[in-house]
Amino acid sequence: MSIYLACGLLIDSELKLPLAPAPVLTGNADVRVFRDAVPLPFHGASDCANWEVTDRQVLFRVAGIVRFVISAAREVRFELEGRANDADAIPFLLSTALGALLHQRKLLALHAGAVSLNGQAIALCGPAGVGKSTLIASLCASGCELLGDDVSVIQRDASGRPWLLSDGRHHQLWADSIEQLHLTERQGPPIREGLRKFHVAPAKATYPASLPLKTIVLLRGLSQPARSRVCPLQPADAMAALMRTIFCPSLATSLKCDGLLFTQIAATLPWVQVLCLDRHSRFQNLTNDVQRLLEHLQ
Amino acid sequence: MTGNRQIVWLASYPKSGNTWLRLLLANLLYADEQPVNINDLPLPEPRVVSRATMDRMTLIDSSLLLRHEVDLLRPDWTRRMLAQQSGHGFVKTHDNYRLNHDNEPIFGRDRTMRALYVVRDPRDVAVSLTHHYGCTLDKGVMYLNESSASIGPQIKRYVNRFDDVLCNWTEHARSWLEQTDMPVHLLRYEDLLAEPVSTFTAAIDFLDLQVTPEAVARAVRFSAFDQLQQQERDTGFRERLKSSTAPFFRAGRAGAWSGVLSAEQARRIVDAHHPLMEQLGYL
């Protein structure tokens with residue numbers, strides 16, 4: 001077993017994860033990931049037979065690859081299916097299974113990558129495919145440092161100040177982006193064997209586990225070519241937009257977390273600026289988009 | 001909820017008239033005094049090829065799946081999604097008809113399914129592809145002629161739809177026209193241009209849609225190319241690719257390839273697709 005740090009949690013895992021190792025383990029891990037029998041079939045209330053939620057458990061299946069049971073916010077059991085191997089299961093552990101765990105723990109988790117600038121965190125949110133990871137890699141080439149790739153947990157300290165907890169992941173970029181951003185030299189192994197999405201090492205080997213959150217940027221794709229624009233969002237609009245960026249939102253709803261998440265976001269908003277970046281996701285526009293965004297972030 | 005359900009796959013190779021067919025159907029079934037908005041088609045479309053919809057339904061980040069794994073899971077996803085469907089559903093797809101590794105059609109099996117397959121002279125398709133993807137004519141020709149064996153096994157960027165052309169033009173058309181899992185009706189783009197009312201009426205009859213000749217005539221009028229071009233000029237068209245070098249509704253002509261393709265480029269297409277082109281009346 002190895003111990004990792006992700007989203008503020010110490011994870012003791014039988015699977016070898018592409019995450020930052022925990023610096024020093026004092027006391028018990030927060031979460032255990034281990035191999036075990038996971039029964040079939042699921043008989044849940046959900047109309048999707050590949051997942052179900054009960055009071056204490058989330059069951060999640062990717063047919064032909066892996067089944068998970070996430071229990072009591074501290075245990076992830078997994079069973080491989082068919083000819084799948086450990087490496088096939090890991091990306092699903094670090095996406096949906098992790099999302100289930102975070103919601104069971106009542107944490108505010110956004111579908112957002114993150115960078116740091118001047119010692120403060122900037123979260124970049126948006127739907128899959130909008131270009132978060134590519135923009136983050138480009139920001140990192142312009143003076144920012146990587147803080148997280150896909151999930152940003154926001155937790156407030158005793159004074160109420162929000163902190164962003166890193167997911168401990170390196171960049172994950174599609175082959176196309178790696179080529180366009182000239183990152184081939186830093187390209188690592190694929191996320192899964194055969195997939196053309198790769199781990200890409202950050203410029204700096206280590207980065208902080210958490211930083212005070214200063215800005216949340218919401219990425220929106222323009223369907224027609226147009227100059228990108230950055231505009232601040234008013235609190236009511238920011239509230240609605242951030243509720244739409246919750247990581248694994250169906251799980252949050254099934255676990256009856258929506259009310260709490262609303263409260264957590266409302267408590268976060270007075271401390272941060274929320275910007276909207278509307279951009280047409282062509283690589284040719286990327287440098288300009290980054291400059292325009294940095295002008296607002298500085 | 002299967003009582004009055006009918007699922008219609010609107011299938012074609014890219015740039016062959018699929019969008020036009022959808023506009024004809026939308027204007028037939030849902031237009032009032034004005035043509036339907038090209039950016040907000042009221043045509044009911046079960047989102048069975050939408051990655052975001054399937055990801056929400058299954059909680060699986062499908063961008064982590066390999067193509068053959070998606071194909072294995074699609075029949076079940078489609079079945080679940082269609083279980084919530086009533087009435088007509090029209091699904092656009094550029095998928096070639098194929099079986100997954102379990103020998104199941106990736107579209108699932110459903111007794112209510114039918115398909116309209118639109119085909120267009122591949123030489124005109126090559127020209128249209130070139131404008132659509134912003135690539136050279138040679139690349140457009142190569143794309144059209146590429147066999148399933150030479151197409152990359154996995155996507156190299158995020159795409160928001162599952163449907164994918166994994167074969168060349170002939171293989172694509174044959175995959176739909178020769179499958180026997182669901183009834184299929186063939187429409188030639190050129191016939192839709194030359195004889196829109198009768199060609200569209202035959203498709204409507206195939207689908208057992210009860211409509212008046214006046215409604216068909218109005219749908220054809222509302223979907224005329226100059227109408228579509230005007231709407232695109234006024235409001236843009238969301239299906240136009242970022243890399244496109246021309247409007248989506250560009251020319252809408254048949255045979256324009258002869259002034260664009262070199263003799264060598266046209267020959268390469270004919271050499272690759274001669275039997276089917278002949279069978280479909282293009283030679």
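**Reading a sheet and a contact**

Modeller: Start with one pair: Leu10(B) stands opposite Leu116(B), which lies in strand 3 of chain B. This is a predicted model: local features need pLDDT of at least 70, side-chain atom pairs count only at pLDDT 80 or more, and totals for chains, interfaces and linings use all residues. Residues are numbered from 1 along each chain as its sequence is written, while chains are lettered from A and ligands numbered from 1 in the order in which they are written.

Biologist: How many helices and strands has chain B?

Modeller: Helices (H or I, at least four residues) and strands (E, at least two) are DSSP runs, numbered from the N terminus. Chain B has 11 helices and 4 strands.

Biologist: In what order do the strands form the sheet?

Modeller: Two strands pair if DSSP finds at least two bridges between them. In chain B the open sheet runs 2-1-3-4, with parallel pairing. Strand 2 (88-93) and strand 4 (184-188) of chain B each have a single partner strand, so one side of each is left without a neighbour in the sheet. Strand 1 (residues 6-12) and strand 3 (residues 113-119) of chain B pair over 6 bridges.

Biologist: How many residues does each chain give to the contact?

Modeller: Two residues are in contact if their C-beta atoms, placed from the backbone, lie within 7 Å. Chain A gives 31 residues and chain B gives 23 residues. On the side of chain A that touches chain B, the largest share, 4 residues, comes from helix 1 of chain A.
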